[in-house]
Amino acid sequence: GSTRFYDFKVQMLEVNKLCNTRNIVTINQMYPGPVVYAQEDDRVIVKLTNETPYNATIHWHGVRQILSCWSDGPSYITQCPVQSGQTFTYEFTLVKQKGTLFWHAHFSWLRATVYGALIIYPKTGVPYPFKYPYEEHTIILGEYWQQDLVQLETSVKASGGSAPIADAYTINGHPGPNYNCSANDVYKIDVVPGKTYMLRLIGALLNMESFFSIANHKLTIVEADGQYTKPFTTDRVMLGPGQTLNVLVTADQKIGRYSMAMGPYMSAQNALFQNITSIAYFQYLGATPNSVALPASLLPRFNDNLAVKTVMDGLKCLEMGQVPKEIDTNLFITIGINVNKCGSKTPKQNCQGVNGGVMAASMNNNSFIRPNVSILQAYYDHINAHFTEDFPGSPLKFYDFVNGAPNSAPNNTGSTNGTRTKVIEYGSRVQLILQDTGTVTTENHPIHLHGYSFYVVGYGSGNYNPQTASFNLVDPPYMNTIGVPVGGWAAIRFVADNPGVWFMHCHLEIHLTWGLSVALIVKNGQGPLETLPHPPADMPRC
Ligand code: C2O
């Protein structure tokens, strides 16, 4: 492969949106940020220079970072943030990776505006497994906030409460005509009648999941999370934050202007959200310029869990890979939202107990505490003071979880907290059963694993039951983010063949703030991370 160089400057940009002028954090004053183009097996080198007062890091979401964990990007997991005025160069090779991925900031809530597409073309001469479309377009679903995102996270943490809702949902940064002062702040694709288009859909959302559809048009999914799938045709898709889908759409309708719409998928019973859609235009050549867009009546209701399951059921891996048939490491991990007696990051005096207490989210009853140093660096330097290796392999205590209904909270549902990591032996074949629970609410959680893709070998509603669960070991989708069904479970498998410290977390940012994460340490042999190269010389300090 060749080498692709990019210069990323973290810079403030003044934007006019929703009747207000704000300064937002961006890369190179672009919103969404610059597209990184590459080909399979290329080396990518991105020099990040921080010209804002904020800390920043960039995560290359879905890039496996084979032997390059130092460039993965989650702050305080694999690196200290790049501080104001500092520079850090990310370097990695896209080993056997192609398709649509994306990059985003991984410090506080900055990724709300700091994101962009990462498009990896197949090697020269290697065809797509479908007829290559007439044109392709990137569609990034996002959320726009008028507040300062770092302050917002800080205040949410301090109050221990829920996240305020976004000011707008956006398509490629545009709220669209359903919002105030946004009649012209609309994204548009011009299409030629009869032609087929590939849309690279990216879920760069912060605190919500989203349906997407185009009025009167069918979408054929051909790729998910950068992996080809068997073609699956549907009226609408759902993307959680962290998920990407390539879909084909043919302009086979009457000449006109059609809505491309995104709208909330909110499976939590008491979630706050705006029941509004963000609209872009899918406009035929020859259509009356300012004609009214045909509405996207195909968007499901915000809580349509069945619509989500239908799309999920349609995802089958095209290239049958090496799904691990045998398992060496089997972990059962509950994912829970609860009202914590002693919230994970809140001063103890603020603990208010069940019903009126602080929110917490946990994996196996542990709310992850972000350390003040990089875990990878600490591990590499044999400093064991900043984290522990006692993340439990099963829940500390089961919640009283029943088929998705939030139950009357038992008296003590508190989670513990700590910077608990889980050591996984290099080379072992891993299965994780992710079980949604919750005493406040159950919810579809987009769980993302850094450093790997994994086979989604099974999922279902209710509690996981090894006797009745059915697994697909033939053509399961190969993904980096899995929406664990609301009140249900998902089983994922991968071979732990990439040493490093790998963050695994819910990609709903508010849940990450509440502690819904764990760091997996994949190590080789007796010593820590022996096969990992030395850290780059310009690695920032905390
Ligand atoms: Cu796309 Cu740790 O995130």
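This is a predicted model: local features need pLDDT of at least 70, side-chain atom pairs count only at pLDDT 80 or more; totals for chains, interfaces and linings use all residues.
**Whole chain**

Start with everything shown as a cartoon. The protein chain has four helices and 32 strands. Its radius of gyration is 22 Å, close to the 24 Å that the globule rule gives for 542 residues, so the chain is as compact as a globular protein of that length. Along the principal axes, the C-alpha trace spans about 65 × 55 × 50 Å. Colour by burial next: 53% of the 542 residues count as buried. Residues 24 or more positions apart account for 79% of them.

**Three domains**

Domain 1 covers 1-124, domain 2 covers 130-317 and domain 3 covers 329-523. Keep domains 1 and 2 on screen. Their C-alpha centres lie 22 Å apart. The contact between them takes 26 residues from domain 1 and 31 residues from domain 2.

Which elements give two or more residues to the side of domain 1 that touches domain 2? Select β2 (20-27), β7 (99-105) and β8 (115-121). The largest share, five residues, comes from β7. Colour this side of domain 1 by class: 14 residues are nonpolar, eight are polar and four are charged.

**Strand β1 and its partners**

Select β1, residues 3-17. It runs parallel to β4 (residues 43-50), and eight bridges join the two. For a landmark on this pairing, show Asp7, which stands opposite Lys47 in β4.

**Helix α1**

Move to α1, residues 149-159. Which residues of this helix are buried? They are Leu149, Leu152 and Glu153. Look down the axis of α1: these buried residues fall within an arc of 95 degrees, so they line one face of the helix.

Return to the buried residues of α1 and bring in α4 (509-513), the helix they pack against. Then step just past the end of α1. Gly160 takes a positive phi of about 70 degrees there.

**Strand β31**

Finish at β31, residues 500-506. Seven of its seven residues are buried, so the strand is largely enclosed by the rest of the structure. In a regular strand, side chains alternate between the two faces of the sheet. Show the side chains of β31 in two colours. Gly500, Trp502, Met504 and Cys506 lie on one side, with Val501, Phe503 and His505 on the other. Both faces are covered.

Now show the neighbours. Strand β26 (residues 445-449) pairs with β31 in the antiparallel sense over three bridges. In this pairing, select His448 and its bridge partner in β31, His505. Strand β32 (residues 517-523) also pairs with β31 in the antiparallel sense, over six bridges. Select Met504 and, opposite it in β32, Val518.

How values were computed
Residues are numbered from 1 along each chain as its sequence is written. Domain bounds come from an automatic or database domain assignment. Two residues are in contact if their C-beta atoms, placed from the backbone, lie within 7 Å. Ala, Val, Leu, Ile, Met, Phe, Trp, Tyr, Cys and Pro count as nonpolar, Asp, Glu, Lys and Arg as charged, and the others, Gly among them, as polar. A residue is buried if 20 or more other C-beta atoms lie within 10 Å of its own, exposed if 12 or fewer, and partly exposed in between; C-beta atoms are placed from the backbone. The arc is that of the directions from the helix axis to the C-beta atoms. Two strands pair if DSSP finds at least two bridges between them. The radius of gyration is taken over C-alpha atoms; the globule rule is 2.2 Å times the number of residues to the power 0.38.
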